[in-house]
Structures are given as structure tokens and as C-alpha cells.
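Here's a quick briefing to read alongside the model. Have the sequence and the 3D view open, and let's walk through them together.

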Amino acid sequence: MTVGSDVKQCLSSIKNVKGSLASLELRTEDEEAKQIFRETITIMEEIIEDLKKRVGQLELEEDQYRGF
């Protein structure tokens, strides 16, 4: 397994966590908990964007993606 595929797997996992947080945010009645979920979702979105950029970089660096 390459670093690129590891990062893609991590990205997928984080997207799943974000979805779970969004579901919890919708189901909870506690306003403080809702706010915490929203803040955490925002952080997850930032991480997702950073990882997407990293995947792009790795695809350029790793031989199997270069078209050799």
C-alpha cells in the first residue's frame, strides 16, 4: 500500500466521521452539544480540504500515478 492510498483511506474515514457528527448534531436536543458538533464539523471540513490537496500532491509524486 502506498502513502497515497493510505492518505485516501484516511480521507474517506474522516468524511465518515464528519457524516456521523452531522447526524448526531441533528438528533441531539442539547444546544451546547449541537454547537460543539457544528464546530467539530467545521474542523473536519478543513482537514478534508487539506487532505484532498495532499492527495493531489502525492499523485504527482508517486510513480504509479505518473503514467510511466
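How many helices and strands are there in the protein chain? There are two helices and zero strands. Keep in mind as you look around that this is a predicted model.

**The big picture**

- The protein chain has 68 residues, and buried ones make up 24% of them.
- Take the contacts in the protein chain with a separation of 6 or more: residues 24 or more positions apart account for 61% of them.

**Salt bridges**

- How many salt bridges does the count come to? The count comes to five, and three of those pairs are worth a visit below.
- Start with glutamate 59, which forms a salt bridge with lysine 8, where the closest N and O atoms are 3.1 Å apart.
- Glutamate 59 sits in helix H2 and lysine 8 in helix H1 (residues 3–27), so this pair ties together parts that are 51 residues apart in sequence.
- Next up, lysine 18 forms a salt bridge with glutamate 45, with 3.5 Å between the closest N and O atoms.
- Because lysine 18 is in helix H1 and glutamate 45 is in helix H2, that pair ties together parts 27 residues apart in sequence.
- Lysine 18 is partly exposed, with a relative accessible area of 27%, and glutamate 45 is partly exposed too, with 36%.
- Then there's arginine 54, which forms a salt bridge with glutamate 61; here the closest N and O atoms are 3.9 Å apart.
- Arginine 54 counts as partly exposed at 33% relative accessibility, and glutamate 61 is partly exposed with a relative accessible area of 45%.

- Find methionine 44 in helix H2. Is methionine 44 buried or exposed? Its relative accessibility is 15%, and the cut-off for buried is under 20%, so methionine 44 counts as buried.
- Which residues is methionine 44 in contact with, leaving aside its neighbours within four places in sequence? They are Ile14, Val17, Lys18 and Leu21.
- Pick out valine 17 from that list: its C-alpha atom and that of methionine 44 are separated by 8.2 Å, though the two residues are 27 residues apart along the chain.
- Isoleucine 43 also has its place in helix H2, but isoleucine 43 is partly exposed, with a relative accessible area of 45%.
- Between the C-alpha atoms of isoleucine 43 and lysine 18 there are 9.3 Å, and these residues are 25 residues apart along the chain.

**A charged patch on the surface**

- Now find Glu29, Asp30, Glu31 and Glu32, which gather in a patch of negative charge on the surface.
- One of them, glutamate 31, has its place in helix H2 (residues 31–61).
- Is glutamate 31 buried or exposed? Exposed means over 50% relative accessible area, and glutamate 31 has 53%, so glutamate 31 is exposed.

Terms used
Residues are numbered from 1 along each chain as its sequence is written. This is a predicted model: local features need pLDDT of at least 70, side-chain atom pairs count only at pLDDT 80 or more; totals for chains, interfaces and linings use all residues. Side-chain values use heavy atoms; hydrogens and water are left out. Patches are made of residues with over 30% relative accessible area and no salt bridge: like charges are joined within 9 Å, nonpolar side chains (Val, Leu, Ile, Met, Phe, Trp, Tyr) within 5 Å. Accessible areas come from the Shrake-Rupley method with a 1.4 Å probe; for residues, only the protein chains shown count as cover. A salt bridge is a side-chain nitrogen of Lys or Arg within 4 Å of a carboxyl oxygen of Asp or Glu. Lys and Arg count as positive and Asp and Glu as negative; His and the chain ends are not counted. The place of a charge is taken as NZ of Lys, CZ of Arg, CG of Asp or CD of Glu. Helices (H or I, at least four residues) and strands (E, at least two) are DSSP runs, numbered from the N terminus. Buried means under 20% relative accessible area, exposed over 50%, partly exposed in between (1.4 Å probe, protein chains only). Contact means heavy atoms within 4.5 Å.
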